[in-house]
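Here is a briefing on one structure.

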Amino acid sequence: MNYIGSKLSLLKFIDESISKVVDTDCHTFCDLFAGTGAVGRHFKEKGYSIIANDMQYYSFVLNKQYIANHRPLAFSKLTTILPSLKKVKISERSQAVCEYLTNITGKKGFIYKNYSSEGTAKKTFVRNYFSSDNAQKCDAIRQQIETWRNKKLITENEYYFLLASLIESVDKSANTASVYGAFLKKLKQSALRPLILRPANLLINEQEHQVFQEDANMLIKHIRPDILYLDPPYNTRQYATNYHLLETIAKYDNPKIYGKTGLRDYTDQKSSYCSRSTVKKAFADLIKNAKTKYIFLSYNNEGLLSLADIKEIFEQKGTYGYFTQTYNRFKADRNRDYKASNTTEYIHYCICK
Ligand SMILES: C[S@@+](CC[C@H](N)C(=O)[O-])C[C@H]1O[C@@H](n2cnc3c(N)ncnc32)[C@H](O)[C@@H]1O
């Protein structure tokens with residue numbers, strides 16, 4: 001997923017920086033602001049037991065699949081209503097279930113009625129986030145997943161696998177430039193292509209992992225990872241508004257929505273890391289309450305926290321240092337009023353006392 005602040009292209013830098021600092025007796029890795037789960041996934045692959053957390057529900061769903069799920073999904077109970085599935089090898093069943101869901105008939109549900117131009121034609125705000133066929137397909141798949149869960153025909157692990165697959169697939173057919181803060185007037189090519197439910201990747205391994213949906217400053221009081229990795233928002237753009245549609249599809253809770261973009265209420269999901277007036281205190285409290293051997297912070301040179309703030313806060317906790325790398329700006333940011341097309345990415349670290 002093309003996610004603001006995704007660390008997918010910085011994994012090598014993050015990995016090399018962390019390897020230079022930590023000792024070999026580290027087994028648990030916490031990705032406290034996990035987003036798409038890219039960093040947690042990388043360290044899961046390296047054999048760590050992962051704790052992943054994010055305040056957004058769609059991110060929780062992605063991390064339940066990419067991080068917590070670590071065994072093959074057999075869909076055993078679903079074979080009672082889909083007998084043909086019995087003949088499919090367990091390793092291929094996830095794909096088969098996704099194919100079945102891709103082919104179900106569309107439904108005029110919440111997404112169609114509020115986020116397609118056909119469904120909103122007679123409303124105050126006409127919204128063009130999805131083609132009407134794809135919006136109906138999304139509704140039908142989302143409702144079917146919930147029905148199977150309610151009838152106990154799928155396990156919790158299978159439920160999150162299917163939801164994560166839907167979030168990733170729907171994001172590919174969204175009629176947006178990148179985020180959900182606005183939609184395009186005309187349906188773009190990728191939005192016109194029929195929605196296909198593609199199975200989300202599953203990383204099989206032996207470790208147990210934990211996933212939370214909490215405010216980072218609350219969760220920090222209850223965990224003791226060996227390595228704590230922090231990737232908070234850098235600027236004032238709230239994730240809750242930029243990804244509101246993924247949140248609504250993940251929750252499918254018929255929320256009250258408002259305005260041109262059909263935003264849901266996000267009072268409870270406003271991040272203190274996105275405001276100049278609250279960020280320093282939030283970060284200082286987080287570091288003070290951290291019980292860990294090593295802390296790593298991804299941040300860039302244009303973030304709300306200054307380098308001096310970070311240094312001051314880390315030096316109170318232990319030995320401070322940093323690594324840097326030049327980074328090409330996220331595509332959607334390029335036309336904005338920034339002076340540079342490159343930024344310097346930092347990995348700040350603290351070896352805790
Ligand atoms: C820079 S993004 C993380 C990107 C992630 N490393 C990746 O590669 O996809 C920051 C994330 O922090 C989350 N977030 C913001 N404030 C938070 C808070 N107080 N507690 C937990 N998560 C928060 C946002 O929802 C967002 O997903």
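Ala, Val, Leu, Ile, Met, Phe, Trp, Tyr, Cys and Pro count as nonpolar, Asp, Glu, Lys and Arg as charged, and the others, Gly among them, as polar. The model is predicted.

**Sheet**

- Seven strands form an open sheet, in the order β3-β2-β1-β4-β7-β9-β8. Pairing in this sheet is mixed.
- β3 and β8 (318-328) stand at the edges. Each has a single partner strand, so one side of each lacks a neighbour in the sheet.
- From one strand to the next, the twist averages 15 degrees.
- β1 and β2 run parallel and are joined by 4 bridges. T28 has S49 in β2 as its bridge partner.
- β4 (residues 227-230) and β7 (residues 294-300) also run parallel, again with 4 bridges between them. Here Y229 has F296 in β7 as its bridge partner.
- β2 is mostly covered, with 4 of its 5 residues buried.
- Helix α2 lies across β1 (28-31), β2 and β4. It runs at about 170 degrees to β2.

**Helix α3**

- How many of the 12 residues of α3 (residues 57-68) are buried? The count is 11, so the helix is largely enclosed by the rest of the structure.
- The buried residues of α3 are Y58, S59, F60, V61, L62, N63, K64, Q65, Y66, I67 and A68.
- Their cover includes helices α2 (38-45), α7 and α11. It also includes strands β2 (49-53) and β3 (210-212).

**Helices α7 and α11**

- Two packed helices are described by the angle between their axes and the distance between the axes.
- The axes of α7 (residues 156-172) and α11 (residues 244-251) come within 10 Å. They cross at roughly 145 degrees, and the crossing is right-handed.
- From α7, the contact takes in L163, L166, I167, V170 and D171. From α11, it takes in L246, I249 and A250.
- By class, the residues of this contact divide into 7 nonpolar, no polar and 1 charged.
- An α-helix has 3.6 residues a turn, so residues three or four places apart point the same way.

**E168 in α7**

- Helix α7 also holds E168. Is E168 buried or exposed? It counts as buried because it has 20 C-beta neighbours inside 10 Å, and the cut-off for burial is 20 or more.
- Leaving out residues up to four places away in sequence, E168 touches M1, R198 and A200.
- E168 and R198 are 30 residues apart in sequence. Their C-alpha atoms are 8.0 Å apart in space.

- Most residues other than glycine have a negative phi.
- K152 is not a glycine, yet its phi is positive, at about 60 degrees. K152 lies in the loop between α6 (132-150) and α7. It counts as exposed because it has 8 C-beta neighbours inside 10 Å.
- N254 is not a glycine either, and its phi is positive at about 45 degrees. N254 sits in the loop between α11 and β5 (257-258). With 10 C-beta neighbours inside 10 Å, N254 counts as exposed.

Conventions. Residues numbered from 1 in each chain as written. Predicted model: local features only at pLDDT ≥ 70, side-chain atom pairs only at ≥ 80, totals over all residues. Axes fitted to C-alpha atoms, helices over the stretch in contact; angles between N-to-C directions. Helix = DSSP H or I, 4+ residues; strand = E, 2+ residues; numbered from the N terminus. Left-handed = near helix turned anticlockwise from the far one by under 90°. Contact = placed C-beta atoms within 7 Å. Pairing = 2+ DSSP bridges.
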